[in-house]
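Morning, everyone. Please have a look at it first.

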Amino acid sequence: MLSLNFIRENGDTVRKAIADKNVDIDIDALLALDGEVRAMKTEVDDLRRQRNEISASFKTADPSERPALGAKAKEMGARAGEIEAALAEKSGALEALMLRLPGIPWDGAPIGPDETFNTVVRQVGEIPSFDFEPRDHVALIEMNDWADLGRITQVSGSRQYCLKGRLALLEQALMFWAQQKLAAEGFTMMTVPALARPSAFVATGHFPGHEEEAYEIPKDELYLAGTGEIALTSLHSGEIIEADKLPILYAGYSPCFRREAGSAGRDVRGLLRVHQFYKLEQYVICEDDDAISAEWHARLLANAEMLLKDLEIPYQVVETSTGDMGLGKYRMNDIESWVPSLGKYRETHSCSTLHDWQARRANLRWRDGERKVRFVHTLNNTALASPRILVPLLENHQQADGRVKLPKALQGLMGGEYL
Ligand SMILES: Nc1ncnc2c1ncn2[C@@H]1O[C@H](COS(=O)(=O)NC(=O)[C@@H](N)CO)[C@@H](O)[C@H]1O
C-alpha cells in the first residue's frame, strides 16, 4: 500500500506505476474519495466541537435558554452520527481502492506488460551435453521407483505425488542442508504454518486479487498459504521493532498449497507444478532505507545462487518486467534452472523487494535512532522449493543407465556418490 500523502505529492509517479504494472485503478476517483472522506471528518469534528461547547455553556446559561441549547446539541449529535455512518462507508471504499494500488517499481525494471519483457541478467553453469538420449524426470523416477505419481491421484486428485525411497530421503536431506547453509548466513530457522487468516494474505498482497489461488477452510475462516512469506509477513504485525533488533532474518520452512486455478494444462506431467510442496523461504525485515534493502536483495539472490552452484545446477538470473513482477514489488529477480528435457530454463526461485508496501498493509514498524516510528522494508526469496528443484537436479545429473550422480555437496549427507 502507498501512503495517501505519497499519492497526493507524487501523482505522476503513481500514475506511471499504474500504467507500467497494468493495474486497472482510477487514481482520480481515489483522490476524490480521499477528499470527500477528509471533508466529512472535518465536518464531524466541527459538529462534535460545537456540541461540546454548547454542553460546556449549559451550566452557566440562563435557564430559559437551556431547552433550546439542549435541542441544538441533540440535533448536532444526530447530524454527526449520520455523517459518521456515511464516513464509515466511504472510508471502507477508499481502503479497498488503496489496497489495489501498485508499489512503485525500481527504475531499472524493464517496462512491459508481461514476462516476455523480462531480461536475462546472467547465466551460470555449463548446460550439460549428454552422449546418450537424456530422460525426463518422470522417466528417471519411474525406472528407479522414486515416487508414486499414479495411484496417489485416486486418493488426492491431480497434481499430487508421493516421493519414495532415496528421492524422499533426498528431499529431506536437501532441506536440512539448505537450512544449515542459511543458518551459517545468520538466518534464524523457523517452521511456519500454512494455515493463516485472510488478513495475512492481505498483508502480503495476495488478497485482494488472488483468492482463487488459495485453498479456503471456511469453517475456521482460514486459508492455506502458498508460501511461508504469508505467515512471516504478519508475525510481527502491530509491533514497534527496536532498531537494534533489525534486520530480522528468517529461514521459514513450510508446506505450501496452491490451487493452480489458472494453470490448467500447464506442467501436468510430473513434479514441476503441484498442489502441495515444501519451501524454505528466506525472509528479511530491515530498515526503510533503499540502500540497505538493495543490499539485502543482492544477498538473498546470492544465497540462492550459492545453493544452486553447490547443487551444480546451471541457471540464469532474470530481471522481471513491471508487468510480470506483481502488484506490490519494487524489484523482482527470478532464478531459472536448466531443465534438459524441456531444453529451457524454468523458474525455481523468486527474489523480491517490497519496500514498505507490505509493511503498510501488515502494520510492520520500527523505531529509529531519533525515536521516530517508521514502516520497515520487507524482502523475500526462495531458498529451495521441492519437488520443483528435484526436476533440474535429477535431469542434469542423470547417467546413461538412469542412475543420478549426486552433487558433491550432498554425497556426504546421502552416503554415496549416487542417488
Ligand atoms: N505449484 C507449484 N508447484 C511446485 N513448486 C512451486 C509451485 N508454485 C511455486 N513453486 C515454487 O516456489 C517458488 C516460489 O514461488 S513464488 O510464488 O514464485 N514466490 C514466492 O512464493 C516467494 N515467497 C519467494 O519464495 C517458485 O519459484 C517455485 O520454485
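Keep in mind that this is a predicted model. Start with the largest nonpolar core, which has 53 residues. Six leucines touch the most other members: Leu 167, Leu 170, Leu 174, Leu 311, Leu 384 and Leu 419. Which helix gives the most to this core? That is α7, residues 165-184, with 8 residues.

Let me pick out Leu 384. Its contacts beyond four places in sequence include Leu 174, Met 175, Trp 177 and Ala 178. Leu 384 also touches Tyr 278, Lys 279 and Leu 280, then Leu 307 and Leu 311, and finally His 349 and Ile 389. As a general point, nonpolar side chains in soluble globular proteins tend to be buried together.

Now the ligand. How many residues surround the ligand? The count is 19, and the closest are Glu 229, Glu 260, Glu 281, Glu 347 and Thr 382. By class, the shell holds 4 nonpolar, 7 polar and 8 charged residues. Strands β10 (276-286), β13 (344-353) and β16 (377-386) each supply at least two of the shell residues.

Some distances. A polar side-chain atom of Glu 229 sits 2.8 Å from a ligand nitrogen. For Thr 227, a side-chain N or O atom is 3.0 Å from a nitrogen atom of the ligand. Glu 347 has a side-chain N or O atom 2.4 Å from a ligand oxygen. How much of the ligand does the protein bury? The protein buries 91% of the 570 Å² that the ligand exposes when taken alone.

Next, Gly 252. Is Gly 252 buried or exposed? Gly 252 counts as buried, because its relative accessibility is 0%, and the cut-off for buried is under 20%. Gly 252 sits in strand β9, residues 248-257. Beyond four places in sequence, Gly 252 touches Met 190, Val 192, Leu 232, Lys 279, Leu 280 and Glu 281. Its C-alpha lies 7.8 Å from that of Glu 229, 23 residues away along the chain.

Over to helix α2, residues 11-20. Gly 11, Val 14, Ala 17, Ile 18 and Asp 20 are buried there. In an α-helix there are 3.6 residues a turn, so residues three or four places apart point the same way. The cover over the buried residues of α2 includes α1 (4-9) and α3 (27-58).

After α2 comes Asn 22, with a positive phi near 60°. Asn 22 is found in the loop between α2 and α3, and is exposed, with a relative accessible area of 52%. Arg 371 also has a positive phi, near 65°. Arg 371 is in the loop between β14 (365-367) and β15 (373-375), and is exposed at 55%.

Two cis peptide bonds to check. One runs from Phe 207 to Pro 208, with omega near -10°. Pro 208 is in the loop between α8 (198-204) and β6 (215-217). The other runs from Ser 386 to Pro 387, with omega near 25°. Pro 387 is in the loop between β16 and α12 (390-396).

Last, the whole chain. The protein chain has 13 helices and 16 strands. Its C-alpha trace spans about 105 × 45 × 40 Å along the principal axes. Of its 419 residues, 47% are buried. The chain exposes about 19,700 Å², and carbon and sulfur atoms supply 51% of that.

Notes: Residues are numbered from 1 along each chain as its sequence is written. This is a predicted model: local features need pLDDT of at least 70, side-chain atom pairs count only at pLDDT 80 or more; totals for chains, interfaces and linings use all residues. Side-chain values use heavy atoms; hydrogens and water are left out. A nonpolar core is a set of buried Ala, Val, Leu, Ile, Met, Phe, Trp, Tyr and Cys residues joined through side-chain atoms within 4.5 Å. Buried means under 20% relative accessible area, exposed over 50%, partly exposed in between (1.4 Å probe, protein chains only). Helices (H or I, at least four residues) and strands (E, at least two) are DSSP runs, numbered from the N terminus. Contact means heavy atoms within 4.5 Å. A residue is near a molecule or strand if one of its heavy atoms lies within 4 Å of it. A polar contact is a pair of N or O atoms within 3.5 Å; within protein, one must be able to donate a hydrogen and the other to accept it, and residues adjacent in sequence count only if both atoms are side-chain atoms. Accessible areas come from the Shrake-Rupley method with a 1.4 Å probe; for residues, only the protein chains shown count as cover. Ala, Val, Leu, Ile, Met, Phe, Trp, Tyr, Cys and Pro count as nonpolar, Asp, Glu, Lys and Arg as charged, and the others, Gly among them, as polar.
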